Amino acid sequence: MEKSLKIQILESIGKVYTQAKKCKLTPQFFDKADKDLHFLSGYFNTSKSQALFISVVFSMNYNEGAVDLKDLIKYFDCVPSKILEFSDDFVTLSQKSIFIQPQRKKMPFLRVGFEREAFLINKKIPEAILNNQPVPITESVRQGDMDIVTLLEHIYQLGKKRDEDTITTYELFEQTEELLSENIHLPLIIKISDYNCATEDAHLYLYLVWKTMSGNEASYVGRALEAIYDCAPERISYMESMLLGTNRLIKDDLVEIVEASFFNDTEMKLTGKSMDMLNECGIRLFVNKKKKDHIILPGDIPVQHLFYSDGEMQQLSLLKNLLDETHLAKTQDRLTEKGLPKGITALLHGAPGTGKTETVKQLARETGREIVKVEISEAKSMWFGESEKLIKRIFTDYAAYAKTCTRLPVLLFNEADAIFSKRRDVDSSSTSQVQNTIQNILLEELENFQGILIATTNLTHNMDAAFERRFLFKVQFRNPGLAQKAQIWKQKLPHLTNDDCNLLAAQFEFSGGQIDNIVRKYEINTIIRGDKDDFNGILDFCREETIARNRLPVGFNTAK
């Protein structure tokens, strides 16, 4: 009766294991065990020497558990240098995930110092043997199948399985180790292995990289650890190591903690050092730019024809030419040579609706620059101490993001009225003290800024003088004059006659933004009612645009 594959494999493993005891790894042993080693090497898709180590570790795992190099030296009765001759075999078996690590002290890359490692046979190997199946792990299947994005997604999906209790924490780490070993050739995994991270650190770090690539600059630490640990004490212990700064990722400056008011609200984010390392590995973060509300790509900005006074045009033309890539590089080099700040800062100030924000967008579109938009009102926190951190994060995030861009992006502080106000007396309320702290941080950041920053504000009469000198360009936007308003009307509603446009310009003191409102209502009206040439309707829209503010009478009304 023909033996099953299972019986043949187990018998050959048993023979090799028995013959290998005290064999000293001599050529005579390999000659004696050649038939069985040849058969096993064909099954495992390995060399004969690798088949030997698989057989011995397989057998010793059942007797003694994990096997380290000292155990093997004792079993073979050979000197350490002899077994070191086969170091490449151990590396290959680990990279193919036939050998895996039982310990969580560090990942099984075995690139250096493999003599300190312990080995277990991947549980998929005996499962395949017992089921009379081919070995499931081969070099042709494993090597180079994944790019880094696919690997990161696999790591993230493993975390989801753990979070849903589909797998245990032990299985999460085991499968993470397998993935990392199989993809040791990827530049980022090589970098991580150089830090000698524990498996849980590597998993958390790669999870954070994936979240960052998906558009989240920061992630909640507590929530991430819930998806890793099924044991609350281990989760709490790991959280404490991060908060105390003793965690390897924190000590190596790969991850930083963004403190919050509550324990479970603590966030973590990649450091600038991590951003640089990822960039060196060819990984561009923020790849999902269009899904990020505060990132505006130049190609997504529609063309708008804006009208300016001669004074506005002169300053804006200089700013636009400066933002040309060639001019900007030369300018910053010259400023650096002269010992002058090389950051480009501009303040666009004036009445609402005069086109300040739209001007920034058009400058970015015409010079091919992305916009990192910041709404200052959203950067203020109800918790004392948080606003200061948020302001600092705006600049650190911008600097990190700029490294991923082909051209230096524009940092837009939109409607920054409140934050530029005059600083208050130190004896004022705690709220005033926080406001002063925010302004001091902002002044310091502006002083050291090396990118492109444009701020818009409607109010300048209350601006702190210290802010004025921080801005290289200060462009005042005034409400358009009669000629400009007539041009805007004609450009927006070309079917109007010149006389109609002049009448509207003379009769109504509207900003460009208010004219846009009327044009929108006109377009809505033409769709719903079909009235295309009703000038009287346009006049009605104009009258409706300004809310009447009637003064209430003083005293008693005795009229009956």
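Tutor: Let's start with a term we need: helices here are DSSP runs of H or I with at least four residues, numbered from the N terminus. Also keep in mind that this is a predicted model.

Student: Okay! Which helix gives the largest share of the lining of the second largest pocket?
Tutor: That is H20, which contributes five residues.

Student: And how many residues line the second largest pocket?
Tutor: The lining has 30 residues, and Gly353, Thr354, Gly355, Lys356 and Glu358 lie nearest the centre of that pocket. Besides helix H20 (356–367), the elements that give two or more residues are strand S11 (452–457), helix H24 (482–492) and helix H26 (512–528).

Student: How much space lies in the second largest pocket?
Tutor: About 560 Å³.

Student: What's the lining like by class?
Tutor: There are 14 polar residues, nine charged and seven nonpolar.

Student: Is the crossing of H10 and H13 left-handed or right-handed?
Tutor: Left-handed.

Student: Which residues meet there, in H10 and H13?
Tutor: From H10 you have Val149, Leu152, Glu153, Ile155, Tyr156 and Gly159, and they meet His203, Leu206, Tyr207, Val209, Trp210, Lys211 and Met213 of H13. Sorted by class, the contact has nine nonpolar, two polar and two charged residues.

Student: What about H11 and H13?
Tutor: Helix H11 (residues 169–182) packs with helix H13 (residues 199–213) at about 75°, and their axes are 10 Å apart. H11 and H13 are therefore roughly perpendicular to each other. On the H11 side the contact has Leu172, Phe173, Thr176, Glu177 and Leu180, while H13 brings Thr199, Glu200, Ala202, His203 and Leu206. Five of these residues are nonpolar, three polar and two charged.

Student: One more pair: how do H25 and H27 pack?
Tutor: Helix H25 (residues 498–507) and helix H27 (residues 535–545) have an angle of about 15° and axes 12 Å apart. That makes H25 roughly parallel to H27, and H25 passes H27 in a right-handed crossing.

Student: Which residues make the contact of H25 and H27?
Tutor: Asp500, Leu503 and Leu504 of H25, with Phe535, Ile538, Leu539 and Cys542 of H27. By class, six residues of this contact are nonpolar, none polar and one charged.

Notes
Residues are numbered from 1 along each chain as its sequence is written. This is a predicted model: local features need pLDDT of at least 70, side-chain atom pairs count only at pLDDT 80 or more; totals for chains, interfaces and linings use all residues. Side-chain values use heavy atoms; hydrogens and water are left out. Axes are lines fitted to C-alpha atoms, for helices over the stretch in contact, and angles run from 0 to 180 degrees between N-to-C directions. Angles under 35 degrees count as roughly parallel, over 145 as roughly antiparallel, 65 to 115 as roughly perpendicular and the rest as oblique. Contact means heavy atoms within 4.5 Å. Ala, Val, Leu, Ile, Met, Phe, Trp, Tyr, Cys and Pro count as nonpolar, Asp, Glu, Lys and Arg as charged, and the others, Gly among them, as polar. On a 1 Å grid over the protein atoms alone, a cavity is a set of points where a 1.4 Å probe fits but cannot get out, and a pocket is an open set with protein on both sides within 12 Å along at least five of seven lines; lining residues have an atom within 4 Å of a point. Grid points are joined across faces, edges and corners, and a volume is the space filled by probe spheres set on the points. A crossing is left-handed if the near helix is turned anticlockwise from the far one by less than a right angle, and right-handed if clockwise.
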